[in-house]
Amino acid sequence: MASPPATPSDDLPDAPEVISLWPGGMGPGRLHPITQEIVERSKDPATPDRAIHGISHPRMVVFRPKQPNGAAVLITPGGGYVRVVIDREGYEMARWLAARGFTCFVLFYRLPGEGWASGPDTALIDAQRAIRLIRHRAGQHGIDPARVAAMGFSAGGHLCADLSSRFDAAVYAPMDAADAMPTRPFCSAPIYPVISMTPPLAHAGSRQQMLGDHPTAAQEVAHSPDRNIPANPPPHFLLHAEDDPAVPVGNTLALRDALKSKGARVECHLFEQGGHGFGLRNAAGKPVAIWPQLWLNWVQTTGLVKQA
């Protein structure tokens, strides 16, 4: 079976190229009908801040650089697992990276609380499928299939960390040739991520969407990336603001300690101020605004970017 094609977007008019994740478009395991909605949260037309929920057709929006450097980045925006942020943690980051040679894929993943049979593994299923499709289609995008990085924000940072810890988990049945591709990211960047599903570190909203109202201790462990680090984790770049009012900085520290215990390469940056969800636009004018350049400097040491 051929992998899904790239098609024009029918609901994101500024997305020139979209790749459906699944044959037929629909994500597997639908339990009841779902209605997609895009909400504009900004009052300034010059700085859109859209978010989407009700995703039943998971897909990637592709941002191609004018001068590709051969590396790709899979971006998983945040939204507390109740929505996926389009602009602040998706398109803005993808444009910044594409301007520096990276081919970017912004993932619109299904939300685990919206009635999927796969429950808390729903978003991970889409992330695994996404990185496999990127590698399967590498020749079409002019990228090295080995050099595919992951980057995620907030709840999307949880998804990024989940993918980077459970890349070998068999969470769905193979569907076509793309599913023979590996899912381990070349390197990973969970940014102000949700990590723990156990209070008090847990982000209550993400935990409820993932696990429901009364999760067991075993469920909390199974979906806390810091408690599932494999023997061969990819190198990680970690970033958090210590004044984050939504996701405690202890999430990043717990992930750092767990990665270090497995001998992983870890670059960790903590900033005194920044709050939560700063991405690019809300970091402007603050010391934390330097973070994308810090990531770029770091990936040049990992081999994601080939030195001239």
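Buried denotes a relative accessible area under 20%, exposed over 50%, and partly exposed the range in between, computed with a 1.4 Å probe on protein chains only. By this scale Asp 257 counts as partly exposed, because its relative accessibility is 47%.

The structure is a predicted model, in which local features need pLDDT of at least 70 and side-chain atom pairs count only at pLDDT 80 or more, while totals for chains, interfaces and linings use all residues. Residues are numbered from 1 along each chain as its sequence is written, and side-chain values use heavy atoms, with hydrogens and water left out.

**Annotated span**

An unreviewed UniProt entry lists residues 72-259 as "domain: BD-FAE-like". UniProt positions are given in the numbering used here, feature names are shortened, and annotations may be inferred rather than shown by experiment. In the model, the span of residues 72-259 is 35% helix and 15% strand, and its end C-alpha atoms lie 23 Å apart. Helices (H or I, at least four residues) and strands (E, at least two) are DSSP runs, numbered from the N terminus.

**Salt bridges**

A salt bridge is a side-chain nitrogen of Lys or Arg within 4 Å of a carboxyl oxygen of Asp or Glu. The structure holds 13 salt bridges, including the pairs below.

| Salt bridge | Closest N and O atoms |
|---|---|
| Asp 144 with Arg 147 | 3.2 Å |
| Arg 207 with Glu 220 | 2.5 Å |
| Arg 256 with Asp 257 | 3.3 Å |

The salt bridge between Arg 207 and Glu 220 links distant parts of the chain: Arg 207 belongs to helix H5 (residues 204-211) and Glu 220 to helix H6 (residues 217-222), 13 residues apart. Arg 207 counts as buried because its relative accessibility is 17%, and Glu 220 counts as buried because its value is 10%.

In the pair formed by Asp 144 and Arg 147, Asp 144 is partly exposed at 26% relative accessibility, whereas Arg 147 is buried, with a relative accessible area of 7%. For the pair of Arg 256 and Asp 257, Arg 256 is partly exposed at 30%, and Asp 257 is partly exposed at 47%. Asp 257 is found in helix H7 (residues 250-261).

**Helices H2 and H4**

Helix H2 (residues 122-136) packs against helix H4 (residues 155-165) at an angle of about 65°, with the axes 10 Å apart. H2 is therefore roughly perpendicular to H4, a term that covers angles of 65 to 115 degrees, whereas angles under 35 count as roughly parallel, over 145 as roughly antiparallel and the rest as oblique. Axes are lines fitted to C-alpha atoms, for helices over the stretch in contact, and angles run from 0 to 180 degrees between N-to-C directions.

H2 passes H4 in a right-handed crossing, in which the near helix is turned clockwise from the far one by less than a right angle. From H2, the residues Ala 123, Leu 124, Ala 127, Gln 128 and Ile 131 meet Leu 159, Asp 162 and Leu 163 of H4; contact means heavy atoms within 4.5 Å.

Helix H4 is largely enclosed by the rest of the structure, because 11 of its 11 residues are buried. Among them are His 158, Cys 160, Asp 162 and Ser 165.

**Backbone features in loops**

Most residues other than glycine have a negative phi, and most peptide bonds are trans. Ser 154, in the loop between strand S9 (148-153) and H4, has a positive phi near 60°. With a relative accessibility of 9%, Ser 154 counts as buried.

The loop between S10 and H5 holds Tyr 192, whose phi is positive at about 30° although the residue is not a glycine. Tyr 192 is buried, with a relative accessible area of 0%. Pro 200 lies in the loop between strand S10 (188-191) and H5, and a cis peptide bond with omega of about 5° joins Pro 199 and Pro 200.

Lys 66 is found in the loop between strand S5 (59-63) and strand S6 (72-76). Lys 66 is exposed, with a relative accessible area of 86%. Lys 66 and Val 288 are separated by 222 residues in sequence and by 28 Å in space, C-alpha to C-alpha.
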